[in-house]
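Visitor: Please take me through this model one feature at a time, giving the general idea before the case at hand.

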Amino acid sequence: MASTFGNSSVLSSVVLPIMCICLTQWLLVFPVAKTIPNGFSVDLIHRDSPLSPLYNPLETPFDRFYNAYNRSISRINRFGPSYSKAVWSDIMASGGEYFMNISIGTPPVLVLGIADTGSDLTWVQCKPCEECYLQKPPLFDPMKSSTYKSVQCGSDPCNALDSSDRVCDQEQNTCKYSYSYGDRSFTRGNVALEKFTIGAANSTRIDSPVSFPNLVFGCGHKNGGTFDNVGSGIIGLGGGPLSLVKQLSKSIHGKFSYCLQAPDSAAKSSKLIFGTATDSNSVSTSTPLVDRDPSTYYYVTLEAISVGDKKLAYGSGSASSATGEGNIIIDSGTTLTFLESEFYNSLESALEEAIKAKRVSDPKGLLSPCFEADKDMDLPVITFHFSGADVKLQPWNTFAQVQDHMVCFTIVPSNDIAIFGNLSQMDFLVSYDLEERSVSFTPTDCTKNP
């Protein structure tokens with residue numbers, strides 16, 4: 001079943017599909033937590049939306065897409081051939097695609113951080129700073145918070161850090177963390193407990209914030225490198241024990257979801273939902289989460305991919321990285337989708353057979369295949385056959401208009417790990433159940449916010 005390119009009004013806007021869990025402009029509009037059945041939600045703003053603090057009106061849609069491509073290439077280096085901790089040194093610290101606002105401390109201080117499903121420990125810049133990168137929001141001052149508590153060496157929160165990431169201050173018996181990145185960015189500070197408040201008030205609406213005491217976080221006193229100055233640090237949404245969603249697991253019944261949409265002139269927000277999302281009339285399809293090391297990442301099993309009606313087995317005769325359970329990671333922080341290189345050759349051939357259009361070259365030499373586009377162009381529906389779940393991707397999930405008369409495939413080959421990126425997740429309610437160990441996909445109009 002093909003979809004007509006000329007009738008797909010979303011496709012041209014997908015040129016910006018870099019989804020950033022950004023908040024709205026931090027000086028003007030703050031995200032608000034609202035109560036929903038069994039949970040609460042916060043607004044998500046696309047990195048390149050006019051509502052984003054990183055929005056650059058001088059960039060063209062094509063510029064934004066190629067910037068997203070470059071960030072995706074940087075980010076995939078985090079996931080090495082064996083997903084080992086050593087490959088973390090390759091990731092650029094500022095490569096996140098989403099921001100999120102939370103408040104920390106008593107009284108609460110609003111902080112803006114990169115929301116990252118590929119990280120666990122939440123950390124923010126703190127006073128006093130031995131060394132800090134410039135940030136627009138105020139620094140968090142733990143001395144002014146009545147709920148700040150240091151974490152001792154040998155405690156469970158301290159031991160939950162990888163041994164290479166933790167340091168013990170023997171003199172004060174306090175636990176410290178130390179992270180380094182390949183672009184020479186770094187963050188070091190104290191591991192602590194603090195009250196987190198999700199939600200805030202603005203001039204147009206007031207919702208009750210939701211507060212959680214004694215959450216583990218990193219108070220960074222020495223930070224530097226390529227971090228964006230609009231943010232205060234990183235908010236970890238990964239699967240490890242110190243991530244925000246794992247620490248909130250009992251309160252949210254182990255469930256969280258997000259619904260991502262393409263940016264448009266209306267600059268509507270997407271949603272991150274803690275707890276159970278509202279019921280949808282659409283049919284959900286679920287696949288098991290696979291337990292692998294490191295536990296930070298969300299692994300699922302990809303069995304095949306269909307281009308229209310042509311089904312291609314994934315991993316058959318390919319390198320070992322494409323075979324077995326947990327052969328692909330779901331990551332909201334990567335724009336593009338990456339597939340094992342040998343399989344990709346078969347996929348590219350199937351695309352050429354399905355698309356009756358002239359093949360052309362990306363002038364930047366980054367994406368392939370690309371096709372000459374016109375209003376009558378038909379692009380195929382591409383189905384990802386996960387274990388127990390068939391996820392049908394529309395053309396706006398898999399193609400982007402990179403020139404006025406050119407569309408390119410936004411799934412690219414990888415020599416290491418496969419990643420199901422956020423373009424492929426757009427206009428799905430993606431729901432994680434960390435207790436049942438599953439992730440589900442529900443086709444959803446995310447402009448209506450679940």
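Visitor: Let me begin with accessibility: is Tyr-299 buried or exposed?

Guide: Buried means under 20% relative accessible area, exposed means over 50%, and partly exposed lies in between, with a 1.4 Å probe and protein chains only. Tyr-299 has a relative accessibility of 1%, so this residue counts as buried. Please keep in mind that this is a predicted model, in which local features need pLDDT of at least 70 and side-chain atom pairs count only at pLDDT 80 or more, while totals for chains, interfaces and linings use all residues. Residues are numbered from 1 along each chain as its sequence is written, and side-chain values use heavy atoms, leaving out hydrogens and water.

Visitor: Which charged end sits over the ring of Tyr-299?

Guide: That of Arg-292, at 5.4 Å from the ring centre; the rule asks for NZ of Lys or CZ of Arg within 6 Å of the centre and within 35 degrees of the ring normal.

Visitor: How many aromatic pairs does the model contain?

Guide: A pair of aromatic rings is described by the distance of the centres and the angle of the planes. Rings of Phe, Tyr and Trp (its six-membered ring) pair if their centres lie within 6.5 Å, and planes under 30 degrees apart are stacked, over 60 edge-to-face and the rest tilted; the count by this rule is 18 aromatic pairs. Phe-256 and Tyr-432 are a stacked pair, because their ring centres lie 4.6 Å apart with the planes at 0°. Since Phe-256 belongs to strand β13 (residues 255-259) and Tyr-432 to strand β30 (residues 428-433), the pair ties together parts 176 residues apart in sequence. Both Phe-256 and Tyr-432 are buried. The rings of Tyr-297 and Tyr-299, with centres 6.3 Å apart and planes at 75°, are therefore edge-to-face, and Tyr-297, at 4% relative accessibility, is buried. Ring pairs also link Phe-384, Phe-386, Phe-420, Phe-428 and Phe-441 into a cluster.

Visitor: In what order do the strands of the open sheet with β21 run?

Guide: Strands (E, at least two residues) and helices (H or I, at least four) are DSSP runs numbered from the N terminus, and two strands pair if DSSP finds at least two bridges between them. The four strands follow the order β21-β22-β27-β26 with antiparallel pairing. Because β21 and β26 (399-403) at the edges each have a single partner strand, one side of each is left without a neighbour in the sheet. Two bridges join β21 to β22, and Val-360 has Cys-370 in β22 as its bridge partner.

Visitor: Where is confidence lowest?

Guide: The score is pLDDT, the predictor's confidence in each residue from 0 to 100. The protein chain averages 79, and 75% of the residues score at least 70. Confidence is lowest in strand β2 (residues 34-36), at a mean of 37, and highest in strand β24 (residues 382-386), at 98.
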